[in-house]
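Dear colleague,

Here is the structure that I promised to pass on to you, with my notes below it. Please read them with the model open beside you.

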Amino acid sequence: MSPEQQKVDGFRFMPPGLAAWVRTFIPEKEFEGPIPWTPLPKPMSRLTFSAVTSAGISQKSDPPFNMEREKKEPMWGDPSYRALPRETTEKDIHVNHLHINTDYIKQDINVMLPLGHLAQLEKEGVIGRLAPTSYSFYGFQFQSNDFLQEAFEPMSKRMKQEGVEAVFLTPA
Amino acid sequence: MGLAGRYLEEKGFSTVVLNPTHEFSRRVGIPRSAAIEFPYGRPLGQVGDWEGQRKVVLKTLEVLEKASKPGEVWHLPFTWPEDPKDTKWMPPEMSPVIKLYLEEIKRARQREAEKAKR
């Protein structure tokens, strides 16, 4: 495995029309601007992790992500977030997302958000720690970046409070 | 999720995106990408396949550890066992934005088909 290998086709699972449309948003050339970068501060075995998915996962005790407004306003996506305690399993969650089939996540949260795996890797000493809290937001953010302030600012503050150093991100 | 990765790196977190469409890094500039050729909604693997999911998690962590400069895309060596049309990853109802842009989507497909002929 190396960064030079070119073999994953990120359009393979899209129907051809959708793939053609999505490609109109993606330049052919590599990204040229600056990219923010935080080097790993310590070895993996001492790092504290959190995980974030865009799959619209909420605890059953929390309000679900708002799908009704998006059905009326197709360009709008819920910009909020939900905290998910590290013990969260598929039994504890609602999954709301209008762009994917959510059935698989409801059967096994680890297909989308690897809480069980990160807890196990903590136990084995592969990673330092899984923080008390992981998170979900809602990935359809088509015309606005408000979700960064509404979701990621408070999330990142809580991550700092919990000593998080590295974040495992899983887009839906 | 690319923008989220950028935001978190700016705030001092090291991040890795397990990305089913790594091509978005060309638009957004994602700090570290682990590209995976798996259907949407299941980037870690199949329901109940603990060992398979674990391999994907470990490889993604390897990308977090080994990526040496911003913007690197590492291609993970995994193959989904089903044909794309059998994966049923799409929602039961067409999403609102797709309904809204249906004509534009058809035109994008036609343009690609014409370009391929030339």
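In β1(B), S14(B) is the bridge partner of A166(A), and this belongs to a parallel pairing of β7(A) with strand β1 (residues 14–19) of chain B that runs over four bridges. Strands are said to pair if DSSP finds at least two bridges between them, and helices (H or I, at least four residues) and strands (E, at least two) are DSSP runs, numbered from the N terminus.

Before going further, please note that this is a predicted model, in which local features need pLDDT of at least 70 and side-chain atom pairs count only at pLDDT 80 or more, while totals for chains, interfaces and linings use all residues. Residues are numbered from 1 along each chain as its sequence is written, chains are lettered from A and ligands numbered from 1 in the order in which they are written, and side-chain values use heavy atoms, with hydrogens and water left out.

From β1(B) the pairing continues within chain B: β1(B) and β2(B) pair in the parallel sense over three bridges, with L18(B) opposite A34(B), and β2(B) pairs with β3(B), again in the parallel sense, over four bridges, with A35(B) opposite H75(B). Strand β2 (residues 32–35) of chain B is covered on both faces, since R32(B) and A34(B) on one side and S33(B) and A35(B) on the other are all buried, where buried means under 20% relative accessible area, exposed over 50%, and partly exposed in between (1.4 Å probe, protein chains only).

Helix α1 (residues 2–10) of chain B is largely enclosed by the rest of the structure, because seven of its nine residues are buried; among them are G2(B), Y7(B) and L8(B). The cover over the buried residues of α1(B) includes α5 and β7 of chain A, together with β1, α2 (25–28) and β2 of chain B. After α1(B) comes G12(B), whose phi is positive, near 100°.

As for the interface as a whole, 88 residues of chain A are in contact (heavy atoms within 4.5 Å) with 90 residues of chain B. The two chains bury about 7,900 Å² between them, 68% of it on carbon and sulfur atoms; this buried area is the accessible area (1.4 Å probe) that two parts lose on being put together, summed over both. In chain A, M1(A), F13(A) and W37(A) lose the most area to chain B, together 12% of what that side buries.

The rule finds three salt bridges across this interface, each a side-chain nitrogen of Lys or Arg within 4 Å of a carboxyl oxygen of Asp or Glu. R12(A) forms a salt bridge with E37(B), their closest N and O atoms being 3.3 Å apart.

Two single residues also deserve a look. K88(B), in the loop between β3 (72–75) and α4 (96–100) of chain B, has a positive phi of about 50° although it is not a glycine, and at 57% relative accessibility K88(B) counts as exposed. S136(A), by contrast, lies in strand β6 (residues 133–137) of chain A and counts as buried, at 0% relative accessibility. The side chain of S136(A) reaches the backbone oxygen of T53(A) at 3.3 Å and the backbone nitrogen of I57(A) at 3.0 Å.

With best wishes

Conventions. Polar contact = N/O pair within 3.5 Å; in protein donor to acceptor, adjacent residues only side chain to side chain.
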